[in-house]
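Please keep the sequence and the coordinates at hand while reading.

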Amino acid sequence: MDTKLTQRMQDWLETKPADRSLEEGAELVLKLTGNQFMHRNIMVRKDFKMIEYQLRKYLPKRLQEVTHEEVERMSKEAAKIAEEHHLDTIRKSAKTPPEEWKKGKREDHDQLPEEIQALYAENLTLLHRMRECHLQARKIANATKPCSDCDIYPFVKELIELDKRLHSNWKAYDEYGREETAE
């Protein structure tokens, strides 16, 4: 990522509005978006608000201190999760509604409290979202143009977080009532 561009964006935004350069701001927006039409409109209309909006929109993503190594590590972790949950394959169970999704269901499922039963149903939704994240990340990685780390990062990050939540839900579901019987 171009740290000089990020610094220029910050400097432009920190400058008093009366002292800001229209040309510099429009050039920054052009470098960020590649949109010639927007650049011309900004210059013709002297649209400082559009420049500020665009810079503030892109700046947080650029300021995230995510190194290439972190994204590679997270991508490997996401690939392992995808393999573990078979996110590349379309399974019939992934399309069935929660009431027909029997895998992992406890025999006493109907006697469990509603919040514990909800964890079981939520896991199906989590798996669907995990599959979407995996497919989006794979689509970006396989695109003809090279992808940057900031493009793929949100999807692998969400996939990893969803996996943690899925495992947490399963643990709570599986262990509910078991600690009482162990005493």
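## A buried arginine

In this predicted model, Arg131 has a relative accessible area of 13% and is therefore buried, since the cut-off for that class is under 20%. The residue belongs to helix H7, which spans residues 114-141. A polar atom of the Arg131 side chain is placed 3.3 Å from the backbone oxygen of Leu87.

Leaving aside residues up to four places away in sequence, His134 is in contact with Ala82, Leu87, Asp88 and Leu159.

## Overall fold

The chain contains 9 helices and 0 strands, so that its pattern along the sequence reads α-α-α-α-α-α-α-α-α. Of the 183 residues in the chain, 32% are buried.

## Helix H8 and its packing partners

Two packed helices are described by the angle between their axes and by the distance between those axes. For H7 and H8 the angle is about 160 degrees and the axes are 9 Å apart; the two helices are therefore roughly antiparallel, a class that begins over 145 degrees. The crossing of H7 with H8 is left-handed, and the residues of this contact comprise 19 nonpolar, 4 polar and 6 charged ones.

Helix H5 (residues 68-84) is another partner of helix H8 (residues 149-175), with axes that come within 9 Å and cross at roughly 45 degrees, which means that H5 is oblique to H8. This crossing, too, is left-handed. On the side of H5 the contact is made by His68, Val71, Met74, Ser75, Glu77, Ala78, Ile81 and Glu84, while H8 contributes Asp149, Ile152, Tyr153, Val156, Lys157, Leu159, Ile160, Asp163 and His167. Sorted by class, the residues of the contact between H5 and H8 are 9 nonpolar, 3 polar and 5 charged.

## Two loop residues with positive phi

Lys46, which is not a glycine, has a positive phi of about 50 degrees. Lys46 is located in the loop that joins helix H3 (36-45) to helix H4 (48-63), and it counts as exposed because its relative accessibility is 56%, where the class requires over 50%.

His86 is likewise not a glycine, and its phi is positive at about 55 degrees. This residue sits in the loop between H5 and helix H6 (92-95). With a relative accessibility of 42%, His86 is classed as partly exposed, whereas Lys46 is classed as exposed.

How values were computed: Residues numbered from 1 in each chain as written. Predicted model: local features only at pLDDT ≥ 70, side-chain atom pairs only at ≥ 80, totals over all residues. Heavy atoms only, no water. Axes fitted to C-alpha atoms, helices over the stretch in contact; angles between N-to-C directions. Helix = DSSP H or I, 4+ residues; strand = E, 2+ residues; numbered from the N terminus. Parallel < 35°, antiparallel > 145°, perpendicular 65-115°, else oblique. Left-handed = near helix turned anticlockwise from the far one by under 90°. Contact = heavy atoms within 4.5 Å. Nonpolar A, V, L, I, M, F, W, Y, C, P; charged D, E, K, R; others polar. Buried < 20%, exposed > 50% of the residue type's maximum accessible area, 1.4 Å probe, protein only. Polar contact = N/O pair within 3.5 Å; in protein donor to acceptor, adjacent residues only side chain to side chain.
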